[in-house]
Amino acid sequence: MSDISQATIESGDLRYPFDRVPDPAEMVEAAPGIWWVRMPLPFQLDHINLWLIEDGEGWTVVDTGVASDEVKALWREVFKTGLGGKPVTGLVVTHLHPDHVGLAGWFSRKWGVDLHMSRTDFLMCKTLVLDTGRDAPQEALDFYRAAGFSERGVESYRQRFGGFGKGVSRLPDIFRRLREGDELEIGGRTWRVVVGSGHAPEHVCLYCEEGKVLISGDQVLPRISSNVSVHPTEAYENPLEDWIESCKRLRATLPNDVLVLPAHNEPFYGLHERLTQLIDGHEDGLAKLLAMLDEPKRAIDVFPALFKRKIGPEVFFMATGESLAHLNCLLGRGLATVSRDEKGVNWYSRA
C-alpha cells in the first residue's frame, strides 16, 4: 500500500485530486477505506481501475480485470503484500464486459465468495461466453453487410466471432442480484446501487452518501466517452437514448460534490459537469449526423460526424456499433429513415 499526494489538478470543469496513478499491483488509498488498484489491459485502452473496500476482517473487491495470466499474477502480488493478511470477503462487478467481469469466477472460487451483479448483465455475459467455439451466425454476418462491410470485413468478423469468452474465466452458476436502490453494507457504510444503461444493459454503480464517493465503472468516465453500440443480437434497439436518459437521471439524483472513482482514467470531482459534457457531446454528434443524411449514407459512411480521428481497423467494429447506435437513435426520434437495397445494405436518410 502507498500514498499518492493529493495535489488537485484542474482540467476544464473537472478536478483531479491525484498527481499520479498506481503502479501495477500497488494499492493506493483513494478515499478513507477505499483502495485503488490499476491493472493492464491488452487493448488500445490499456488499463482498468479496480477498487478494494476495507470491510472489517476482509475486503470487498469491485471489478476484477480481464482473465489473463498477467493479471492473475498481479492480483496474487496484491493478495500477498496489500491485504494485510485479510481475505477477500465480497465481490461486486459493475457490468458484463471482460475487463470488469473477467476474473469474477476465479475470485469466487479462490476466496469462496458470492458474485454480486445485475441480473441482465450476468445472464448476457453467460450467453456471450457460449459463443466461444461457435461459427458466426448468418444473421450477424448479414448485420455487418447491412452496415456496409465489404466481404473482407464480414470475413474479419467471422474470424473474431466468439472472442468475448477468451477474456472471461468460468462464471459461477449462482450469483446475488443487484437492483436499482439496493443497499450494501460494506466497511460500516451504506452503499446504494445506482443503475445506468446504454454502455451495458444494467450497469451497476455504487454510491456512498456518507463518504461522498461514487464508484462509477464505465457509466461515467472523465476523459473519454464510454462506447455505446448496437450489436447483432439487438440490432433494432436504441441504447444511446438509454444512455442519455441514464446520464440525465444520475445528474438529477446524485450530488455534484462526490469523488468519482471511474474504471478508466483518474478519479475526479465534477460529476454534474461531466454528465452534462457526455449528454451534450452525443447530442452534438446526433445533430452532425443528421446533417450528413441529406444524402443517403451507410453506417460506415458516417464516422466523420462522430469521431475526430481516422478510424483504423483496430477500432472499426466499435466505431460501426457506435454509428449504428446514433442512427438508431435518430430513427427512434423520427428524424431519419432507413431502407435496404437489393444487396442487403441499409441506407439512412433524413426523414
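A nonpolar core is a set of buried Ala, Val, Leu, Ile, Met, Phe, Trp, Tyr and Cys residues joined through side-chain atoms within 4.5 Å. The legends below describe a predicted model.

**Figure 1. The largest nonpolar core of the predicted model.** This core has 54 residues, and those with the most contacts inside it are Tyr157, Leu240 and Leu271. Several elements each supply at least two of its residues, among them strand 2 (14-16), helix 5 (138-147), helix 6 (151-160), helix 7 (239-253) and helix 8 (271-292). In soluble globular proteins, nonpolar side chains tend to be buried together.

**Figure 2. The surroundings of Leu240.** When residues up to four places away in sequence are left out of the count, Leu240 touches Val228, His282, Leu286, Ala325, His326 and Cys329. A second, separate core of 36 residues includes Leu74, Trp106, Phe107 and Leu115.

Figure 3. Strand 3 pairs with strand 4 (residues 34-40) in the antiparallel sense over 3 bridges, and Ile34 in strand 4 is the bridge partner of Ala31.

**Figure 4. Two residues with a positive phi.** Most residues other than glycine have a negative phi. Asp63, although it is not a glycine, has a positive phi of about 75°, and its place is in the loop between strand 6 (58-62) and helix 1 (69-81). Because its relative accessible area is 1%, which falls under 20%, Asp63 counts as buried. Lys212, also a residue other than glycine, has a positive phi near 55° and is found in the loop between strand 12 (203-208) and strand 13 (213-217). Lys212 has a relative accessibility of 45%, so this residue counts as partly exposed.

**Figure 5. The whole chain, for orientation.** The protein chain has 10 helices and 16 strands. Its radius of gyration is 21 Å, close to the 20 Å that the globule rule gives for 351 residues, so the chain is as compact as a globular protein of that length. Of the 351 residues, 55% count as buried.

Technical notes:
Residues numbered from 1 in each chain as written. Predicted model: local features only at pLDDT ≥ 70, side-chain atom pairs only at ≥ 80, totals over all residues. Heavy atoms only, no water. Helix = DSSP H or I, 4+ residues; strand = E, 2+ residues; numbered from the N terminus. Buried < 20%, exposed > 50% of the residue type's maximum accessible area, 1.4 Å probe, protein only. Contact = heavy atoms within 4.5 Å. Pairing = 2+ DSSP bridges. Rg over C-alpha atoms; globule rule 2.2 N^0.38 Å.
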